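Student: I would like to learn how to read a protein model. Can we work through one together?

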Amino acid sequence: MSLSSAINTANSIFSNTAQQTAIVSKNIANASNSDYSRRLAMLGTSLNGAQVVSIQRAQNDALLKQNIVSISQASAQGTLFAGLETLKSSLGGNDYETSPSTYLATFRDSLQTFASTPGNTTIAATLVSDANDLANSLNKTSAAVQDLRLEADKEIASSVNTLNGLLADFEQANNGVLTATASGADASEALDQRDKLLRQISEIVGISTVSRANNDTVIYTSDGTVLFENTARSVTFASTAGFGATTAGQKIFIDGVPVAAGTGGNTSGEGKLSALLQLRDEIAPKFQSQLDEVARGLVELFKEDDGTTVLPGLFTWTPTTPPATVPVAGTVEPGIAATLQVNALALSDPLLVRDGGFNGVTYIQNTGGSAGYSDLIDSYVAAMGGNLAFDTATGLDGDSTILDFATSSVGWLEDLRSSASTANDNKTALLSRTQEALNNETGVSMDEELSLLLDLEQSYKASAKLVSTVDAMMAALLEVVR
C-alpha cells in the first residue's frame, strides 16, 4: 500500500467514524423519546474503500399496525370505564349508598313501620322525609346522567377539533415523506413525525393504514371509511348546548359517513369517539330510562282513585304539559325522574299518607278520622311488595317489584362497569406488551449504542495510529532526501 493510499484510507475511516458517531449520539440523545426510531449508518464498499452509503431507520410495519390497533382499543375502553366510574360515583361509590334503590329500601321500611303505628305523627313525618330523600335521589341521579351526556358531547367536540388538526399535520408529514423518498433524501424525521401522528389519531378514532408507492400512506377508519388519502377528509360534528331525557345528541360524520358507537362493557369500539358516543347515546339514556321507570312506578303505587279520576298522590311530578297525571303502566315516561317530588301537602300534613285526600275530600279513605286506621298504608305496603309492569326497553325485567327493579338497575350498571374494568385492564396490558415489542425493534438501547460508540472509538484510534505511522514514514523519507 502506498503512503497516499494509506492517507486516503485513514481519511475515509475518519469520515465514516464521524458520521457513525453523529448517528449514535443522536440515538443516545433520543433514548427517552418514545416517538423516535433508532437510526443506523449503513456502510458499503467502493473503489475508495468502505463508506457510509445510507442512513436507515429501524421500523417494523406489522408491530406498528398492531400497536395502533391496541392504542385505539385501550383508548376506547379507558374512556368507557371512566364514564361508568363517574356514574358510579354519582350513586355513592363502591356501596352505591346514595342510589335510588338504597333510599327506596329505607322508604319501604319506614312505610312498614308507619303501618304498624298509624297514629304516630313523628313516624309519619319520618316517612315523608324518607320519601323526599328518595325523590331527591332520583332527581340528582337523573341530573348526573344528563351531565355525563353533556360532558361526553363536549369531549366529542374537542376531540373532533383535535382530530382535524392532526389530519392536517399528517398531510404535511406525509408530503414530506413523499418528497424525501422521491428525491432519495433521508426521510427519517418525516417518518417519525408521521408515525407519531398515527398514534395520536388512533387514540381518537380506530384506524388502519395502507402503504403505497414512495412511502405514501392512506388512512381508513376501522369500519372502512377513508380518513386520509392524499388530503385529509372532513370530520364534522355539531355540539348540543344541554341534555334532557328526550334530547338526542348529534352524530359525528367522517367524509359524510356517521361514526358508529361501541357496544358492551368490553366495548367493540376503537378510539375514544366511539366510546363517548356509547356513553352519550346508549348507556346513559338506558340508565335514565331505568330511573324514569322507578319514578313512574312510585307515582303509580301511590296514586289516588276516587272511582272516577286517578291522580298522583304522595309522589307527583312536573310534566312538560301540566297537569301531572298517572303515566301509562309499563311505558317509560321520559324525564319523570328529573321532576319527581313529594306532594307539597304531605310536608305540612304527613297523616295524609294514612288518610288519603291529596286531591280533595273525595279521595279521603279514612273518612272517620280514626288514628288507628291503616288500610290505606297496608295497601301501599302490599303494592310495593307486588309486581309492576315495567318497560322492557330499559333492558331489565318487565315484571317485578319496584325495589327489585331499582336494585336490578344498580346491578345492571355495576355489571357493565365490572366488565369494563376487566376489559380495561386487559387492553391496557396488551397495549403495554405491543408497545414494548415495538420499542424492542425500533427503540434505542443504551447498551447497544454505548457498545457501538466504544467500537467507533477503537476505529478512530486505529485510524489515528495509521496517520501517525504514515507521518513518521514521510518524515523518514524527507530526512533521507536531505
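Student: Are phenylalanine 302 and tyrosine 380 buried or exposed?

Tutor: Start with the ground rules. This is a predicted model, where local features need pLDDT of at least 70 and side-chain atom pairs count only at pLDDT 80 or more, while totals for chains, interfaces and linings use all residues. Residues are numbered from 1 along each chain as its sequence is written, and side-chain values use heavy atoms, with hydrogens and water left out. Now the term: buried means under 20% relative accessible area, exposed over 50%, and partly exposed in between (1.4 Å probe, protein chains only). Both phenylalanine 302 and tyrosine 380 are buried.

Student: How do I describe a pair of aromatic rings?

Tutor: Use the distance of the centres and the angle of the planes. Rings of Phe, Tyr and Trp (its six-membered ring) pair if their centres lie within 6.5 Å. Planes under 30 degrees apart count as stacked, over 60 as edge-to-face, and the rest as tilted. Phenylalanine 302 and tyrosine 380 form a tilted pair, 4.6 Å centre to centre with 45 degrees between the planes.

Student: Where do phenylalanine 302 and tyrosine 380 sit in the chain?

Tutor: Phenylalanine 302 is in the loop between helix H6 (272-301) and strand S10 (304-305). Tyrosine 380 is in helix H10 (residues 375-385), and the two are 78 residues apart. Helices (H or I, at least four residues) and strands (E, at least two) are DSSP runs, numbered from the N terminus. Phe302 and Tyr380 also belong to one aromatic cluster with Phe107 and Phe315.

Student: How many aromatic pairs does the structure hold?

Tutor: Seven aromatic pairs. In one of them, the ring centres of phenylalanine 170 and phenylalanine 228 are 4.9 Å apart and the planes are at 80 degrees, so this pair is edge-to-face. Phenylalanine 170 lies in helix H4 (residues 121-183) and phenylalanine 228 in strand S5 (residues 226-229), so the pair ties together parts 58 residues apart in sequence. Phenylalanine 170 and phenylalanine 228 are both buried.

Student: How do the strands of a sheet pair?

Tutor: They pair through backbone hydrogen bonds, either parallel or antiparallel. Two strands count as paired if DSSP finds at least two bridges between them. Here three strands form an open, antiparallel sheet in the order S7-S8-S9. Strand S7 (235-237) and strand S9 (257-258) stand at the edges with a single partner strand each, so one side of each has no neighbour in the sheet. S7 and strand S8 (residues 252-254) pair over three bridges. Valine 235 has isoleucine 254 in S8 as its bridge partner.

Student: Which helix packs on the sheet?

Tutor: H4 does, touching S7 and S8, and its direction makes about 160 degrees with that of S7. Contact means heavy atoms within 4.5 Å. Axes are lines fitted to C-alpha atoms, for helices over the stretch in contact, and angles run from 0 to 180 degrees between N-to-C directions.

Student: What about charged side chains?

Tutor: Side chains of opposite charge can pair when their charged atoms come close. A salt bridge is a side-chain nitrogen of Lys or Arg within 4 Å of a carboxyl oxygen of Asp or Glu. The count comes to 16 salt bridges. One of them joins glutamate 293 and arginine 296 (2.6 Å, N to O). Both lie in helix H6, three residues apart, about one turn of the helix. Glutamate 293 is buried at 0% relative accessibility, and arginine 296 is buried at 0%.
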